[in-house]
Every structure is written in C-alpha cells, then in structure tokens.
Amino acid sequence: MQRRDLGGLIALILVVLATPAAIGNEYYLGVLIFTAFNCLACIGLCLLMGYAGQISLGHGAFVAIGAYAAGIFTVKLGWSPWGAMLAGAGITAVVAALVGVPTLRLKGHYLAMATLGFASIVHILAVATVDLTGGPSGILNIPRLCVFGFPLDSDIRFFYFSWAAVVLGLYLGFNLINSRVGRGLRALHGSEDAAASLGVSTAGYKIQVFVLSAVYASISGSLYAYYVNYIDPGPFGVMHSVLLVTMVAVGGMHKLWGAFTGAVLLSLLPELLSFASDYLHGLGIAYKSDYDILIYGAVLLIIMLFLPQGVFDGLGSAARRGRQIVRR
Amino acid sequence: METAESRTAGKILELENLRKVFGGVVAVDGISAGIDSGSVTSVIGPNGAGKTTVFNMITGFLAPTAGSIVYAGRPMKRLKPHHVASLGIARTFQNVRLFPRMSVLENVMVGRHLRSRSGMMASALLPPLLRREEKRIRREAADWLHFIGLGAHARDTAGSLPLGSQRMLEIARALALEPELLLLDEPAAGLNSRETLAMGEMIEKIRSRRITVVLVEHDMELVMEISDRVLVINFGRIIGDGTPEEVQENPDVIAAYLGE
C-alpha cells in the first residue's frame, strides 16, 4: 500500500471515530450507515470498473443476493448471522462466476449487457418466489449481528461496525491494487493485447476481479439486512445497480478514493436536498420533493461535464491549480 | 554439410505451410520458414503482405487457418497469447501499446508477471509476505530499464514519453519476460534517423544476450545493417529468402518493390 493511501485510511478512521459524538443524532447516524453499505459495494465495483475496465450493471443483484441469503439462512434455517453472510458471499461468488465466465471471455462490454439482464432476473425472482423470499412482503425479523458477543443493537454500534467494514474493504482493495495482480489488472485496462502478450491471463483476471467485486456487494447486502432486520425486493431493482455505477463514475473510477467519495456524496445528496427544501420553505418558496430528481440530474450532468475524471480527481487538480496561483 | 537433425536442433521456430484466410481474403498463403536460434531475421514486404498476421499467429492472437507453428521443437496448437508468452516468446506492437496511465517502471514490472507468482487472495490479505517478491520485481524491472537506457525516467507516466522512448520502453517490457524469442513489429516506424540508429544498436545488444530476434521492418537501411537473414513476403507468400545481399539481388524482390 502506498503511503498516501495509508494516510488517507488513518484519516478516515479518525473521522469515523469522531463522527457519532459530532452529530449525536440517530437519524443522521442511520443515513451514514446506509452510506457505508454503498461505499462497500462501490469499492468492489471500482476494482472492476476502474482497474479492470469492465462495467457491471448488476451489482444491485449481488447486494440482493447477500441480503436475501442473510434473511433466508437466518430466519428460515436458523443459521448464525455470520454463517449466513459467508454463505451469501459463497453463493454470490458462484453466481458471479456463472455470469462472468461466458461474457468476460469475449472482448468488449458484454458484461454490462449480461449483468443488466441478470439484475432484472434476480429482482423478478425476489418478487415471484414467494415461498423462498416472502415475495413483495419480504422477510421479517432478521436477527442482529453479534461481534465478539456484543449484539449490534444500537445505531452507534452498527455505525462503527459498518465503517470498520468499509475501512477493511479499502485496505484489502489497496493491497490488491499495489500488488502483482493489481498491476496485471491495470495493465489489461491499459491494453488487453499488451497485457496478454506479457503473460497476463486477461480472461482469468477479469473473472476473478468480477467475482471479488460481487462478493463486496454481497457483504454490503448482508450487512444491510442485519441493520434494518427486514428486507423486501423494493431497494434491489435495476435502478440500484445503475445508482452504484453512477456513484463510482461520479466520484472517479480510476481511484478507490474516487469511488468512495462518489458513494458518500450521492448517498448524502438526498439529505442535502431535503435541507435545501426546508430552507426554501422558510423563504416562502414552495419546493416539492419531486424536484429532487431534477436537481439530482443537474448535479450529475454538471459533474460529468466539468469533472469527467470524477469529483475526487477533479477537485484534487483544482486544489493543485489553486495552490500554484497562490504561490505566484 | 549439416545433417537434417542438427539443422532442426538449431531452429528455435519453424513455420510449416502457414495459412490465414479472413473471409474470402487470403492474408497468408502457405508460408514455411525456420528461424535460427540466436539470429536476427527481418521480415519485409509491401503493406498488407501479411507480415503482422504471421506475428499474430505465432503469438496466439490469431488462429492459423492451416499449417503449423513449431517452437523449440514443440508444436503450438490453439494457445492463448498469455500461454505463448509463458513459453518464452515476447513481442511488441506496430502501434506502441504501453499501459499509458502507469509509470515507466510499472510498465516493465508487468513484464515480470510470469517471473513472479503471488495470486489475488494473497495479494489482498497478506501483503507483508509478498513484500520480498515485490521488491525483487521492482529491482529486476529497474535493471531492464537501465539496460534499455530509460533508467532516469522510471517515475514518469509512460504515456508522456516521446515515441522513440515509448518504443524502447515497449522493448524493455518485453525483455523483462526473459524471452528466448523476441518479435518486434516495426520497431523503427515513426522514429527519426538518430532514434533509428539507437534502435539498431539496441537490437544488436539484445542479440548479444543470445535472444533470437525477428522483426518486421520497413526501414531498409536498418534491415540491411542488422539482419543475418531477410525474408521477403508479398501477397502472403515468401518471394525472397537469404542474406541481406542475396535479397537485394533477387529479381522477384526488386519487381515487388518497384511495382513492376
């Protein structure tokens, strides 16, 4: 791992430690817990998009598999939450390999199409297989996760746990990127032919990283199920997959910190918009929450137009330019 | 007089009746040739003659329609490019294909891929155990950069180098594989005369390491200077084969080049 990333990770840990005391509001803590789930899924997706150059429009489905595995194995089969989470990760890995092997052997963005179809299949299954998934009414009473005998029964505990998972996810991601395997991945993103000519098994690497990124998504889904203790098919539609891809692209897919930034920004944006609407109401302007989607779209458009490398790199280079001007 | 057996033993690569048809177009029409171990062989011919197609078949990027490729006495059948690389065949590309976002040193480090082993799980979970291998890769890659003369640019972004240096870097990256056979696809294309001269010297230096070099090249001065042997291809067939002097005298070759 590079020193700069290690520094960033330590800074993140400090911010996480200080956050609950700083905001002291259960609702916002909850928002930040959902942010952590999105971060985790986006870190995995970034490994696939930014480092291996493949797009998956089905990561919402892997989140769903993780969540439903957590629900089904604990509630219907009485497994421990940890065992259910592992089983979910295992199932996800197998399913991802089944989707990835035929599509990733081909050159080009076949994975995006295959995963888009896959995402809608999983969503339909979640709605239709009532005996297994509870159908539209979902699964209730999913147990809590226990860590070293402590049940994660308060938002503060779950906040720390979920962000610890994000830190771990980033740490593993950074290790991978800065290794022989990570170089191979970046190489195949740079030029698939050149990478292959140097002995990098391009198809094999793409499949491996796709499986890994799906497992990240699956774990984030399991954590989601253990936090809200209730799941239904609602949050796992195809749009959730698109949202995850958007988060990674907005933040900047070529760096894990970029994907992280995008996940945090877009997870918090709805909250910021509701702040704004309160403020506008105060000014006597009728703001309807329907407008959210407009503003949301405009923000995305502006970012993609003016910061095509993503917010993280874009702001970084803006800061460098600012410093140069100041020095002069 | 050499016996047939000793001749085979000295050949690192043998092409037998190699053919490639794209749709209705015959790109390579029955090429047979043996490449002597340790030699420098140039493949020349007009554009579209099938030279790069031959390279792509040898390196596994294209499957031959018919014919066979025997490398170091082993027939190569339906191998993927990364598998071909693992047998000790390295190549460069006609349009330089670097990893532009990676540093110059990292580009060469990718060339050490097959000479190192760590996998995905170990890389993510146990990086301290791999630190040694990582250090070794870095050191060996730096050695190859020095060999090629780009040691001072190790930290630069590969995409920012001038073309001459990019071609050199691509060769350093291929050499890091420690190949026995190096295929260079137009190494001097786009280079100025000074850079071309340096390229010629570099190929001599590579040969002195007992690496067999086969190059496709249009710069005749370079070809005539460094080659032990020249193969001339036109319309997918060999029309001339011999030392640079012999080929220059060959009437078929002269006709092909002057467009009789």
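**The sheet and domains of chain B**

Let me start with the sheet. Chain B has an open sheet of six strands with mixed pairing, and the strand order is β6-β7-β8-β3-β9-β10. At the edges are β6 (89-91) and β10 (237-242) of chain B, each of which pairs on one side only. From one strand to the next, the twist averages 20 degrees. Please keep in mind that this is a predicted model.

Now one pair within that sheet. Strand β3 (residues 40-44) of chain B and strand β9 (residues 229-234) of chain B run parallel, joined by four bridges. As an example, Thr41(B) has Arg229(B) as its bridge partner in β9(B).

What lies across these strands? Helix α2 (residues 51-58) of chain B lies across β3, β6, β7 (181-185), β8 (212-216) and β9 of chain B. The helix runs at about 145 degrees to β7(B).

Next, the domains. Chain B is divided into domain 1, covering 18-87 + 181-187 + 212-260, and domain 2, covering 89-178. Taken over C-alpha atoms, the centres of these two domains of chain B are separated by 27 Å.

How many residues of domain 1 of chain B are in contact with domain 2 of chain B? The count is 16, and they meet ten residues of domain 2 of chain B. On the domain 1 side, α2, α3 (81-86) and β7 of chain B each supply at least two residues. The largest share, five residues, comes from β7(B). By class, that side of domain 1 of chain B has eleven nonpolar, three polar and two charged residues.

Key
Residues numbered from 1 in each chain as written. Chains lettered and ligands numbered in written order. Predicted model: local features only at pLDDT ≥ 70, side-chain atom pairs only at ≥ 80, totals over all residues. Pairing = 2+ DSSP bridges. Axes fitted to C-alpha atoms, helices over the stretch in contact; angles between N-to-C directions. Contact = placed C-beta atoms within 7 Å. Domains from an automatic or database assignment. Nonpolar A, V, L, I, M, F, W, Y, C, P; charged D, E, K, R; others polar.
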